[in-house]
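Thank you all for coming.

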Amino acid sequence: MLRNGSTVDVQEAPAAEPPPAEPLPAGARVDLAKERADSQVDSVLEALDAELVGLAPVKTRIREIAALLLVDRVRARFGIDSGRPNLHMCFTGSPGTGKTSVAVRLAELLHRLGYIRRGHLVSVTRDDLVGQYVGHTAPKTKEVLKRAMGGVLFIDEAYYLYRAENERDYGQEAIEILLQVMENQRDDLVVVLAGYKDRMDSFFASNPGMSSRIAHHIDFPDYEPGELEAIGRLMMDREGYTLALETEPVFREYLERRRARPRFANARSVRNAIERARLRHANRLLAHPGEVDREALTTLHPDDFLTSRVFTEAT
């Protein structure tokens with residue numbers, strides 16, 4: 001999980017680009033399949049499919065953006081200047097729906113297509129941008145922007161930047177600096193705002209300048225029960241665990257109960273459930289000293305979930 005204030009380098013900085021070639025003649029033909037293969041965007045899109053279950057509308061939009069940028073790059077070879085597209089985005093949805101993971105892959109995608117020079121992602125929240133006294137916000141915000149240049153700046157829970165109820169709040173100063181950079185340096189930075197949809201709608205209503213600079217609004221739906229189960233199995237497989245046959249219905253029931261409880265966070269809640277099941281599994285093994293085999297070390301049993309508060313506490 002990516003922590004706020006952290007940076008993910010998905011690509012090394014590329015070497016200096018060669019001088020632009022002469023435009024192709026009007027009658028020339030370009031093999032789009034070869035252009036696509038040379039860009040290596042498919043490996044990024046395939047990784048997105050492999051890492052994240054579901055999210056069909058989100059993946060479709062990312063593929064559409066990749067297609068547009070690839071075609072624009074080919075158009076430029078003919079001397080057709082469409083202008084650089086606005087790539088600032090807003091990701092809305094509940095916690096644990098994959099917003100940060102998609103942003104990381106987006107940074108890699110934009111880098112491979114030549115739209116950002118470094119391809120890294122800097123993830124921040126209000127605390128990384130807004131100061132606590134006069135003169136503190138501008139240097140904090142500018143330092144974050146300096147780190148993010150050449151890549152993607154991901155601002156989680158972006159609506160907390162604006163606090164209308166507090167006239168002395170310094171969030172508006174950070175917003176004004178962001179607006180300037182999003183407009184004047186959009187060739188070197190892509191900004192992704194993220195948060196709950198209703199709160200982001202209110203944020204944009206109060207900050208029309210920010211809304212006008214966002215070209216792509218992408219909503220991340222909550223996961224369905226079957227998708228949550230698939231996510232859990234994917235997580236367990238990565239950690240070298242499997243479910244005993246009799247544990248499968250217990251795990252499904254766990255997910256249904258947890259989904260109905262407060263503060264459910266989609267994939268994050270699934271991850272936490274598996275981590276706690278691993279703790280119970282390890283404790284169960286050590287409670288009966290003796291030899292164990294590979295199956296015992298890798299198989300989760302019903303009790304590894306049934307002792308969870310999801311089952312033991314009344315809803």
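Predicted model: local features only at pLDDT ≥ 70, side-chain atom pairs only at ≥ 80, totals over all residues.

Residues are numbered from 1 along each chain as its sequence is written, and side-chain values use heavy atoms, with hydrogens and water left out.

Let me start with the interior. By a nonpolar core I mean a set of buried Ala, Val, Leu, Ile, Met, Phe, Trp, Tyr and Cys residues joined through side-chain atoms within 4.5 Å, where buried is under 20% relative accessible area, exposed is over 50%, and partly exposed is in between, with a 1.4 Å probe and protein chains only. The largest such core holds 55 residues, and those touching the most other members are I62, F91, V102, L110, L113, V152 and V192. Helix α4, residues 99-112, gives the most to this core, with seven residues; helices here are DSSP runs of H or I, at least four residues long, numbered from the N terminus. If we set aside residues up to four places away in sequence, L110 touches L69, L87, Y115, I116, V152 and V190, a contact being heavy atoms within 4.5 Å. Another core, of 30 residues, lies apart from it, and its members include C90, L145, I177 and M182.

Next, is D72 buried or exposed? D72, which sits in helix α3, residues 56-77, is buried, at 14% relative accessible area, and beyond its sequence neighbours up to four places away it touches S82, P85 and Y115.

Finally, the salt bridges, each defined as a side-chain nitrogen of Lys or Arg within 4 Å of a carboxyl oxygen of Asp or Glu; a search of the whole structure finds 24. One of them joins R77 and E35 at 2.4 Å, N to O, linking helix α3 to helix α1, residues 32-39, across 42 residues of the chain. In this pair R77 is partly exposed at 36%, whereas E35 is buried at 14%. Within helix α3, E64 and R61 are three residues apart, about one turn, and their closest N and O atoms are 3.9 Å apart in a salt bridge. There is also a network of salt bridges, which links E51, R105, E108 and R112.

Note on methods. Helix = DSSP H or I, 4+ residues; strand = E, 2+ residues; numbered from the N terminus.
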